[in-house]
Amino acid sequence: MVRECISTAKASVLLNGKPCSFFHLNKGLRQGDPLSPLLFTVVANAFSRLMSLAEQEGWVKGLSICNRGPSTTHVQYVDDTVILCAAKSRSIRGINSFAHALKLSLV
């Protein structure tokens with residue numbers, strides 16, 4: 001169903017005030033598509049679980065506010081994700097390996 005929504009999308013643009021012919025969109029959903037928030041929620045939830053697993057496996061060491069407090073590996077708000085980790089090369093390599101395994105782009 002998701003593939004059908006993405007692969008059948010068409011768009012047209014105005015060129016000098018006149019609409020040009022429609023063209024197929026190859027990636028992404030149309031702006032305002034009601035499926036977009038659902039897909040984001042599914043992916044954000046999966047990412048959150050994978051970050052927790054990465055911390056449990058020792059790939060990443062999250063940040064703690066105090067010595068005995070719980071650690072945090074990431075914060076998500078709307079469509080932004082901030083990855084938090086200890087300032088150690090092992091954590092950075094772990095996040096990089098984790099992102100590479102998931103084929104993510106870290107910017």
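Biologist: Between which two strands is the loop in which Asn16 lies?

Modeller: Asn16 lies in the loop that runs between β2, residues 14–15, and β3, residues 18–19. Please keep in mind that this is a predicted model, and that what I say describes the model. The phi angle of Asn16 is near 55 degrees, which is a positive value in a residue other than glycine. Asn16 also counts as exposed, because its relative accessibility is 76% and the cut-off for that word is over 50%.

Of its 107 residues, 18% are buried, and among the contacts between residues at least 6 apart in sequence, 36% join residues at least 24 apart.

A positive phi turns up elsewhere too. β7 (residues 74–77) and β8 (residues 80–83) pair in the antiparallel sense over four bridges, and they form a hairpin with two residues between them, where Val78 in the turn has a positive phi of about 55 degrees. Within this pairing, Val75 stands opposite Val82, while Tyr77 has Asp80 as its bridge partner. Just after helix α2 there is Gly58, whose phi is positive as well, at about 90 degrees.

That brings us to α2 itself, which covers residues 35–56. Its 22 residues should span 32 Å at 1.5 Å a residue, and this agrees with the end C-alpha atoms, which are 32 Å apart. The buried residues of α2 are Leu35, Ala44, Phe47, Met51 and Ala54. Seen down the axis of α2, these buried residues fall within an arc of 150 degrees, so they line one face of the helix. On the face turned away from that buried side, α2 carries the exposed residues Leu38, Thr41, Arg49 and Gln56.

In soluble globular proteins, nonpolar side chains tend to be buried together. Here the largest nonpolar core has seven residues, namely Phe47, Met51, Ala54, Val60, Cys85, Ile95 and Phe98. Two or more of its residues come from each of α2 and α3 (89–102), and α2 gives the largest share, with three residues.

Cys20 is partly exposed because its relative accessible area is 29%, and Cys66, at 46% relative accessibility, counts as partly exposed for the corresponding reason. A disulfide is a covalent bond between the sulfur atoms of two cysteines. With a cut-off of 2.5 Å between cysteine sulfur atoms, the count of disulfides in this model comes to zero.

Terms used. Residues numbered from 1 in each chain as written. Predicted model: local features only at pLDDT ≥ 70, side-chain atom pairs only at ≥ 80, totals over all residues. Heavy atoms only, no water. Expected span 1.5 Å × (residues − 1). Buried < 20%, exposed > 50% of the residue type's maximum accessible area, 1.4 Å probe, protein only. Arc of directions from axis to C-beta. Core = buried A, V, L, I, M, F, W, Y, C linked by side-chain atoms within 4.5 Å. Pairing = 2+ DSSP bridges. Contact = heavy atoms within 4.5 Å.
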